[in-house]
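Welcome! Here is a short tour of a protein model, taken one group of side chains at a time. Keep the picture open as you read.

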Amino acid sequence: MFLTQIVPDGAADCRRSETRLSVSTDVALRPFGATGTEARLVNISSRGFMAETDCDIAKGARVWLTLPDGSRASALVIWSKDGKLGAQFSEPIDPLVVFQALGRKASSGANPFAKVAPAPSARSAKSPKPSA
């Protein structure tokens, strides 16, 4: 008996099961049994993430990632090089929760990474009423 895996054309080199969504926000990252460090979340999917950090976290390390909504997710570092790392979540997460939390921060003015100026209010967009 032969076991084989059928892979669609062009997918043989694809190592991820889903597309990661780009994001740029500061998060807390803590290797198990160590103190935490700041990191910048670069991309995320339900199964993993990439982050940049000044802390040297080795391949094979287990980490806690604190997501923007305050929840934590356990992950295994799959690769680490030049201040970046890629990790696989122990349990899949809903990446939309991350974007919803970032949206709440942006709407409250707490997101320092939003470079878009707020839209003018309807009142300021109207021309002033002439005085009688």
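Is F32 buried, partly exposed or exposed? With a relative accessible area of 40%, F32 is partly exposed, because that value falls between the cut-offs of 20% and 50%. Please keep in mind that this is a predicted model. The points below start with the rings, move on to the charged pairs, and end with two further residues.

**Aromatic pairs**

- F32 and W64 make up a stacked pair, with 5.3 Å from centre to centre and 25° between the planes.
- This pair links distant parts of the chain: F32 sits in the loop between β1 (21–31) and β2 (37–44), while W64 belongs to strand β4 (residues 62–66), 32 residues apart.
- Like F32, which is partly exposed, W64 counts as partly exposed, at 24% relative accessibility.
- F49 and F89 form an aromatic pair that is tilted, with centres 5.4 Å apart and planes at 35°.
- Here too, distant parts of the chain are linked: F49 is in strand β3 (residues 48–53) and F89 is in strand β6 (residues 84–89), 40 residues apart.
- Both F49 and F89 are buried.

**Salt bridges**

- Side chains of opposite charge can pair when their charged atoms come close.
- How many salt bridges does a search of the whole structure find? The search finds two.
- D26 forms a salt bridge with R40, and their closest N and O atoms are 3.2 Å apart.
- E52 and K84 meet through their side chains in a salt bridge, at 3.9 Å from N to O.
- That pair links distant parts of the chain, with E52 in strand β3 and K84 in strand β6, 32 residues apart.
- E52 counts as partly exposed at 32% relative accessibility, and K84 counts as partly exposed at 33%.

**R20 and its neighbours**

- R20 is found in the segment before β1.
- Which residues does R20 touch, leaving out those up to four places away in sequence? R20 touches N43, I44, S45, G48, F49, M50 and A87.
- With F49 there is a polar contact as well: a polar atom of the R20 side chain lies 3.1 Å from the backbone oxygen of F49.

**K81 at the surface**

- K81 has its place in strand β5 (residues 72–81).
- Is K81 buried or exposed? K81 counts as exposed, because its relative accessibility of 57% is over 50%.
- K81 and A58 are 23 residues apart in sequence, and their C-alpha atoms are 8.6 Å apart in space.

Key. Residues numbered from 1 in each chain as written. Predicted model: local features only at pLDDT ≥ 70, side-chain atom pairs only at ≥ 80, totals over all residues. Heavy atoms only, no water. Helix = DSSP H or I, 4+ residues; strand = E, 2+ residues; numbered from the N terminus. Buried < 20%, exposed > 50% of the residue type's maximum accessible area, 1.4 Å probe, protein only. Phe/Tyr/Trp six-rings, centres within 6.5 Å; stacked < 30°, edge-to-face > 60°. Polar contact = N/O pair within 3.5 Å; in protein donor to acceptor, adjacent residues only side chain to side chain. Contact = heavy atoms within 4.5 Å. Salt bridge = Lys/Arg side-chain N within 4 Å of Asp/Glu carboxyl O.
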